[in-house]
Amino acid sequence: MPDNDKREKYKVTALFAISMVLLFIIFFSIIFYIRASRPMRQARQEAEEIAEEYANIDTVDDFYWFTREETYFTVMGRDEDDRALAVIVPQSGDRVTVEEQSEGLSEQEARQAVLQEHENETVEKASLGMVDDTPVWEVVTTDNNEDTVGSNYYLLQFQDGEEVKTLRDI
């Protein structure tokens with residue numbers, strides 16, 4: 001019997017130690033996630049406040065973080081009159097651009113425009129921002145070809161979907 005008691009005590013101690021290690025890993029993973037996502041949450045909150053101030057946005061539908069030569073934060077939402085607007089805020093806060101969503105491509109239309117031209121690619125994400133004072137959709141894709149590694153970046157004008165620039169296999 002004493003060997004069974006020792007074995008049982010060893011099992012309980014081992015399970016307790018494993019449980020503590022798992023709790024430790026989970027705890028620090030949560031802390032790491034919260035700290036890593038803080039800049040995104042802060043940028044979104046500030047961009048939403050600016051969108052409310054400049055365009056009376058009271059309902060936010062989407063948020064985009066766009067970086068090319070400069071960084072822009074875009075808030076897609078509706079104002080008090082239920083107009084769908086895109087408010088593009090430069091990180092510097094200099095010149096806020098407000099566009100009516102109906103005057104340009106939606107995210108889905110931008111994705112479709114790229115896929116029509118590049119059907120062997122998969123869209124990873126799309127973001128709305130500014131390049132040379134022009135609102136553009138940046139659509140990021142990957143090739144479905146196993147030999148190709150990297151991402152492709154397509155910049156489409158917000159107004160008409162015309163391709164402004166292409167950066168392939170980066």
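Me: Why is Asp79 called buried?

Reply: In this predicted model, Asp79 has a relative accessible area of 6%. Buried means under 20%, so Asp79 is counted as buried.

Me: What makes Arg83 and Asp79 a salt bridge?

Reply: The closest N and O atoms of Arg83 and Asp79 are 2.9 Å apart. The cut-off is 4 Å between a side-chain nitrogen of Lys or Arg and a carboxyl oxygen of Asp or Glu, so the pair qualifies.

Me: Why is Arg83 called partly exposed?

Reply: Arg83 has a relative accessible area of 37%.

Me: What makes Arg95 and Asp133 a salt bridge?

Reply: Their closest N and O atoms are 3.8 Å apart. The limit is within 4 Å, so this pair also counts as a salt bridge. Arg95 lies in the loop between E3 and E4, and Asp133 in the loop between strand E5 (121–131) and E6, so the pair ties together parts that are 38 residues apart in sequence. Both residues are exposed.

Me: Which residues do salt bridges with shared partners join into one network?

Reply: Asp79, Arg83 and Glu100 are joined in this way.

Me: How many salt bridges are there by this rule?

Reply: The count comes to 7. One of them is formed by the side chains of Arg68 and Glu138, at 2.6 Å from N to O. Arg68 is in the loop between E1 and E2, while Glu138 is in strand E6 (residues 134–143), and the two are 70 residues apart.

Me: How do you know whether Arg68 and Glu138 are buried or partly exposed?

Reply: Arg68 has 27% relative accessibility, so it counts as partly exposed. Glu138 has a relative accessible area of 3%; the cut-off for buried is under 20%, so Glu138 is buried.

Me: What makes the link between Asn152 and Asp143 a polar contact?

Reply: The contact joins their side chains at 3.3 Å, and the limit is within 3.5 Å. Asn152 lies in strand E7 (residues 151–157) and is buried, with a relative accessible area of 0%.

Me: How do you know that E2 and E3 pair?

Reply: Strand E2 (residues 71–79) and strand E3 (residues 84–90) are joined by 7 bridges and run antiparallel. Pairing needs at least two bridges, so these strands pair. Tyr72 stands opposite Pro90 in E3.

Me: Why do E1 and E4 stand at the edges?

Reply: The 4 strands form an open antiparallel sheet in the order E1-E2-E3-E4. Strand E1 (57–67) and strand E4 (97–100) each have a single partner strand, so one side of each is left without a neighbour in the sheet.

Conventions. Residues numbered from 1 in each chain as written. Predicted model: local features only at pLDDT ≥ 70, side-chain atom pairs only at ≥ 80, totals over all residues. Heavy atoms only, no water. Buried < 20%, exposed > 50% of the residue type's maximum accessible area, 1.4 Å probe, protein only. Polar contact = N/O pair within 3.5 Å; in protein donor to acceptor, adjacent residues only side chain to side chain.
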